[in-house]
Amino acid sequence: MEWFLIKDLIGISGLPSTERGLRKLVERLAEQSGVEKRKRAGSKAFEYHISILPPVTQAAIYKREGKVQVGDQVLELPKDTGAKKYCR
């Protein structure tokens, strides 16, 4: 996930809690970094590149999706199978 929507940020701690507040923050970050937003196909929504966000916020987004960023790589975290593990 290199591109995100405003709705993907809702509920992440340390960010504004309203969609309007998030949009203002992301627009300001995009303007400062010089990264262009793009129109999402088949929608009125705009997508923003994840590189404009602070590293802590990037990590929170990746964690939600079951991923982790190490250097330039984004890796999938192993899925929990739900089987109970026996530990003596």
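The stops that follow go from the sheet to the core, the helices and the hairpin.

This is a predicted model, in which local features need pLDDT of at least 70 and side-chain atom pairs count only at pLDDT 80 or more, while totals for chains, interfaces and linings use all residues. Residues are numbered from 1 along each chain as its sequence is written, and side-chain values use heavy atoms, with hydrogens and water left out.

**Stop 1: the open sheet**

Select β1 (3-4), β2 (38-39) and β3 (residues 46-49). Strands here are DSSP runs of E with at least two residues, and helices are runs of H or I with at least four, numbered from the N terminus. The three strands form an open sheet in the order β1-β3-β2, with antiparallel pairing; two strands pair if DSSP finds at least two bridges between them. β1 and β2 each have a single partner strand and stand at the edges, so one side of each is left without a neighbour in the sheet. Two bridges join β1 to β3, and W3 stands opposite H49 in β3.

**Stop 2: the aromatic pair and the core**

Next select F4 and Y48. Both are buried, that is, under 20% relative accessible area, whereas exposed means over 50% and partly exposed lies in between (1.4 Å probe, protein chains only). A search of the whole structure finds one aromatic pair. The ring centres of F4 and Y48 are 6.0 Å apart and the planes are at 35°, so the pair is tilted. Rings of Phe, Tyr and Trp (its six-membered ring) pair if their centres lie within 6.5 Å; planes under 30 degrees apart count as stacked, over 60 as edge-to-face and the rest as tilted. F4 lies in β1 and Y48 in β3, 44 residues apart.

**Stop 3: helix α2**

Select α2 (residues 55-64). T57, Q58, I61 and Y62 are buried there. They cover an arc of only 135° around the axis, which puts them on the same side of α2; the arc is that of the directions from the helix axis to the C-beta atoms. On the other side, P55, V56 and K63 are exposed.

Centre on Q58. At 13% relative accessibility, Q58 counts as buried. Leaving aside neighbours within four places in sequence, Q58 is in contact (heavy atoms within 4.5 Å) with I50, S51, L53 and Q69.

**Stop 4: the hairpin**

Finally, select β4 (67-70) and β5 (73-76), against which the buried residues of α2 pack. Four bridges join these antiparallel strands, and the bridge partner of K67 in β5 is E76. β4 and β5 form a hairpin with two residues between them, and G71 in the turn has a positive phi of about 65°.
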